[in-house]
Each structure stands twice: as C-alpha cells, then as structure tokens.
Amino acid sequence: MIECSLNLRHGGFYLHIEARFAAEWTVLFGPSGAGKSTLLRLLAGLDRTGAGQADTARILLDGRDISGLKPGRRGIGMVAQQPALFPHLSVSANVAFGLHGLNQPTRSKRVEEMLALVGAESLLNRRVQHLSGGEAQRIALARALAPMPRLLLLDEPFSALDGTASDVLLERLQPWLRERNVQVIQATHDATDAFLTGAEVVLLHEGKRAAQGPAVEVLLAERERLERSLRTAERPAWNQSSSEAH
Amino acid sequence: MDWQALILTLKLAAATTTILLAVAVPLGALLALGRGRWLAVLEAVTALPLVLPPTVLGFFLLVLLGPKTAFGRAIVSVLGHPLAFSFAGLVVGSVIYSLPFAVQPISAGFAAVNPALVDAARLLGAGPARIVGTVLVPLARRSLVIAAVLSFLHTVGEFGVVLMLGGDIPGATRTLSIVLYDQVESFDYATAARTAAVLLAMSVAALAAIYASGAARSARAGSTLND
C-alpha cells in the first residue's frame, strides 16, 4: 500500500495530493497536465522536491518511509511512454541491467523468465535499435519487473501496442503480479485500461485528486460532468448571460 | 630535428591527456547532470584557462609550486624537489591549461544523452559511477575521442605555460614549441620551418582523423543517437 502527501510547485503548476493507494491496480486518469506523470515521477524519486519552500514529499510504501531513498532503493519499477532502452546494449543486457547483485546463472534465468512473461522470448539477443515501438515497450516492462519491485509505475506504457496485443499482455501480466504481490499504479488517457484491469480509478484534475473509487463510478461521474460542461459551453455567451440575469 | 624535444612533447601530451580524461569524465558528468548554483562557479573555474593568458597561468603556478608557499614546500618534502622546472611540473601546468578542452566536449556529450536513459538507470539501482561508466561514457564516446584529441594537440602546442613553469631544460622541459622559439631567436629559420611543419602536420593529421571518422558530426548530433 502506498500513502503519500505531496506538494510541488513548478512554474505555474501546483500539485497537491494526499492519497492512499491500496488497490492491487490503480489507474490515474485525467487530462493532459493533470499531474499524472509528475505524481509517478515523485513516487519513483526521479523528481526531487525541496526546490521551493512549500515543496514536500512524504511517501510510505507498506508503512515504510521511502521519501528520502534514492530511486533504485525504493523497491519501485517504472515504465514510461518512452521505453528508454539503452541503445548500446542488447535486449538481454537491458533486462539484466537492474540485476547487478545477482550471479550470472540467476541473472540469465531471470532475464528469460521476464522476456517470456512479456511475450518477447525471441528478442533475447536482438539489438535494441532493431525493435519496433511495441517490442521496445515490452522489453522496458520486462526490465522494470526483473528486479522484482514491490510497486510498478506505468506511464502510458502500452501506447505503441495495438489493442489486442495490449489485452493479451495484461492477461498474462495480472496473475503474475498478483502472485508476487506487486502493486501497480498506471497513468493513462484511455478509460478502457481501467475497465480491463478492474482497477480503482484516481481522477486527477489540475494537480489535485478530484475523485477516487471503482472505475465505473468515477468514470461515469466524470463523463456526466464533462457532458454538463460541454452543454454549457455550447450555449452562446448572450444566452448564458441573459439566463443568468433572469 | 630535435628528436629529444619531440619525444618529450609527445610524452607530455600523452600524460596530460590521460590525466585529463580521468579528471574530465567525472567533472563533465557533474556539470551535465548536477544541480545547484555552485555548478556555475565550477563551470567558470573550469573554463578560466580559455581566457587567462598562458603566461599569467604559468606565473601563478610557478609561485604556487615554488618553495615560498606552504603548498610548494609540502610538495618538496614529498617529492624531494620542487615541481617547477621539472617534467612533473609541466604535466600539472598542462593539465590545468588544457582542462576546458577536455571538460567542455565531454560535458556537452553527456548533456546530449537522453535524460530518460539516466532516469532508467537510476530506477534500476545504478549509482553515479555506474551511470557514468555504463550509460554516459558509451553513449558519448565520440565526445571523449574529441576531448582526447583536442587535449593532446593543445598540449603539444602550448608555449607560455611551459616557458614560465618549466623554462628551457633539454630533456626535462624543452618541448617542440620552446625549440621553435629558440630556433627563431637564433635566426635559424630553415630548421624553425621544419619544426613548425612537424607541429602543423600533427595538428592537421589529428583533426582530419576526427572529421574523417565522423566523430565531430556524430557528437554534434549526439542527442539523436541515444533516443
């Protein structure tokens, strides 16, 4: 379980989130600029706070304060929209990068296991430059999971996969994560991700938590809100002011 | 041709380049990836030899390394002789004088590496040394080649620092630039022309090798190579 209290001011953007993520799979949903990626980066420890006086970050993972820990010591794996594979290394070396402390046979076995999990066994010895966008995202996922993190952060990770491939990958992934007690927080624009994974949805709006709950409740409420605001916006300005005047 | 001076010059350039690479890689990583206002001060200090007259730098080093300062006396007590007017002193002076020629290409090369790769390495548990060794150096290797060649050539051609700090001692501190100066001073223009031609040929050959290998072009386009 993740509990966090985050305050970050960056230019004109202000993020203030106090939340508890207890679900097996949490989907962060919201428009561009809502703070989804910023929240994930703060949880991962990639963006440090403290630049401004008001900036604070307190993050508890299973009750343990990880706020002051370096990214690699938090027990967190992350896959971003941009896979960021090391271009000078092979696929297997990329997946093995986070397994520095393990001996060679264990490392090789883990790499094979991870590649099988994401359906990329055949890519073991390929050069990263020769991968398609979808293949690169699978390898990035395998690389993030290889050190067996307690929490997996996904930032639009399946954008380069077609719908069917993404569904198949999720079907494989979910039981594996459940078995190993790996919690997932996924940022997405796509509401179907929330329904597919049976996730709890956290709706973010302008750097704040606007709603949190089961996918159906939160997303339907958001749809109704958007429809209402669209209907209001469609009315001409003179009509709005005249109705307000009466 | 003064072969002794040529060999000494090449030895000085090789020693200086080796030390500079060892110093410039961590320094370049700090400048490229570090945060904080003090980095601007560090950057300015690193770039100082670019604008400081070599004779001024040589003079400061001569005084600092001489027996009248505590630092100079400490060096004498360790080495048994002062650094000034010795080959080791020339190496120290050359390293400081050529520092920006090594640090700036390396720092620029590291800064051009996709920051998402550094983030990925950090998330996978890599510390600063591993990030530099396994991510930044392999991806910015062409910048390292450029830094090495520039440092080498700059050392080969240095004059003011060498003259102030090392004097003109055959076999110890007399480099090709000093030999050229001596030859011109004694109106031996024919020999001076040959010495100058050797220095010119070394510079042209090294720069041509860099451009032929595409290292300069690739270093400029570094950011597109590592996405």
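In which sense, left-handed or right-handed, does H1(B) pass H5(B) in their crossing?

Reply: This is a predicted model. In it, H1(B) passes H5(B) in a right-handed crossing. Helix H1 covers residues 3–33 of chain B and helix H5 covers residues 87–111 of chain B. The axes of the two helices lie 6 Å apart, and the packing angle is about 40 degrees.

The largest nonpolar core has 45 residues, and Trp25(A), Ile139(A), Leu141(A), Leu145(A), Leu152(A) and Leu177(A) touch the most other members. Elements of chain A that give two or more residues to this core include strand S3 (25–29), helix H4 (133–145), strand S7 (151–155) and helix H5 (163–179). H4(A) supplies the largest share, 7 residues. Apart from this core lies another, of 37 residues, with Leu31(B), Leu99(B), Phe110(B) and Leu144(B) among them.

Back in chain A, Leu141(A) is in contact with residues including Val79(A), Leu152(A), Leu154(A) and Leu173(A), leaving aside neighbours within four places in sequence. Val79(A) belongs to strand S6 (residues 76–79), which is covered on both faces. Ile76(A) and Met78(A) are buried on one side, Gly77(A) and Val79(A) on the other. S6(A) pairs with S7(A) in the parallel sense over 4 bridges, and Gly77(A) stands opposite Leu152(A) in S7(A).

Methods: Residues numbered from 1 in each chain as written. Chains lettered and ligands numbered in written order. Predicted model: local features only at pLDDT ≥ 70, side-chain atom pairs only at ≥ 80, totals over all residues. Heavy atoms only, no water. Core = buried A, V, L, I, M, F, W, Y, C linked by side-chain atoms within 4.5 Å. Buried < 20%, exposed > 50% of the residue type's maximum accessible area, 1.4 Å probe, protein only. Contact = heavy atoms within 4.5 Å. Pairing = 2+ DSSP bridges. Axes fitted to C-alpha atoms, helices over the stretch in contact; angles between N-to-C directions. Left-handed = near helix turned anticlockwise from the far one by under 90°.
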